[in-house]
Amino acid sequence: LRLEVNLRRALERGEFTIYYQPRIGLTGGTIAAMEALVRWQHPESGLVSPAEFIPLAEEIGLIVPLGEWILETACRQNKRWQDDGMDPFRISVNISAVQFHRDEFVKVVQRALQEASLEPQWLELELTESIVMNNAAKTIMKLRELKEAGVHISIDDFGTGFSSLSYLKYFPIDTLKIDRSFLQDVPDSPKDIAIIKTIIALARRLHLNVVAEGVESREQFLFLAARKCSEGQGYFFSRPMPASEAEQWIRDSS
Ligand code: G
Ligand code: G
Ligand code: MN
Ligand code: NA
């Protein structure tokens, strides 16, 4: 209960902050995107992981204003980086199911873009398989509206949801983000290697961009580059960082 009370106040008290983690093009080494990852800077407990507070925020409905704040802040940050003269990259934002399924979701996304003066092509929404599988008729309409608005759509944690592959055929998706559990035991696990190769081939055949998550070692990076995986993300490149550190990281790596 205490956590709930504190969480409700955290937004008005300005205790949330966004960390950014780069996503790297594996052939050119360029920054393909930055993923926005929210953190709660609790006055006593320090930095709290979203794995702990997002489920509670969903339960108490706080995810709606919090999700809007995250979208707006991430869009504004990306616009600021562009205005500072950096080579443009996309900002990708995780969307919770509760947020996505609200009637006004598309409007909320458009408003965040307008308020930041960010062109829609520089925003990517990370949706899980369970989101796109749920209530399919309404979902496909919403995805089409977002696509028409010019926003990119990726499937986060790909391969771990209870999903059929048919949504890849019907839904306007741009990118698959291979869940990091498949990369964890590479190059030691032949089964995981087979799964990753197959997802990369599937993405190529469907003309989708493909990102490997959880790249932690040089070996994993080389494995992915040799298999022509388009992009990678993980501690091998960088941990998620506060905006100021991310900015320095971008400058140092370009
Ligand atoms: O960054 P970290 O490993 O702590 O994130 C833990 C989990 O919280 C991940 O599943 C991630 O997708 C989720 N998460 C991080 N930031 C956000 C956010 O801004 N919105 C939502 N809905 N989930 C987030
Ligand atoms: O569910 P989602 O894919 O959005 O979650 C991203 C989470 O993965 C973030 O919490 C981020 O901190 C974490 N993460 C990013 N890179 C790595 C990595 O290389 N290894 C591990 N174990 N976690 C990572
Ligand atoms: Mn994600
Ligand atoms: Na993921």
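H207 is exposed, with 7 other C-beta atoms within 10 Å; exposed stands for 12 or fewer such atoms, buried for 20 or more, and partly exposed for the range in between, with C-beta atoms placed from the backbone. This is a predicted model, in which local features need pLDDT of at least 70, side-chain atom pairs count only at pLDDT 80 or more, and totals for chains, interfaces and linings use all residues. Residues are numbered from 1 along each chain as its sequence is written, while chains are lettered from A and ligands numbered from 1 in the order in which they are written.

H207 sits in the loop between α9 and β8 (209-213); helices (H or I, at least four residues) and strands (E, at least two) are DSSP runs, numbered from the N terminus. Although not a glycine, H207 has a positive phi of about 55 degrees. K228, in the loop between α10 (218-226) and β9 (231-233), likewise has a positive phi, near 60 degrees. K228 counts as partly exposed, with 13 C-beta neighbours inside 10 Å. Most residues other than glycine have a negative phi, and most peptide bonds are trans. The bond from V186 to P187, however, is cis, with omega near 10 degrees.

I turn to the ligands. Which residues surround ligand 1? Among them are A36, L37, V38, S49 and P50, where a surrounding residue has its C-beta atom, placed from the backbone, within 6 Å. Both β2 (31-42) and α2 (50-59) supply at least two residues of this shell. Around ligand 2 there are 13 residues, the closest being N94, G214, E216, G234 and Y235.
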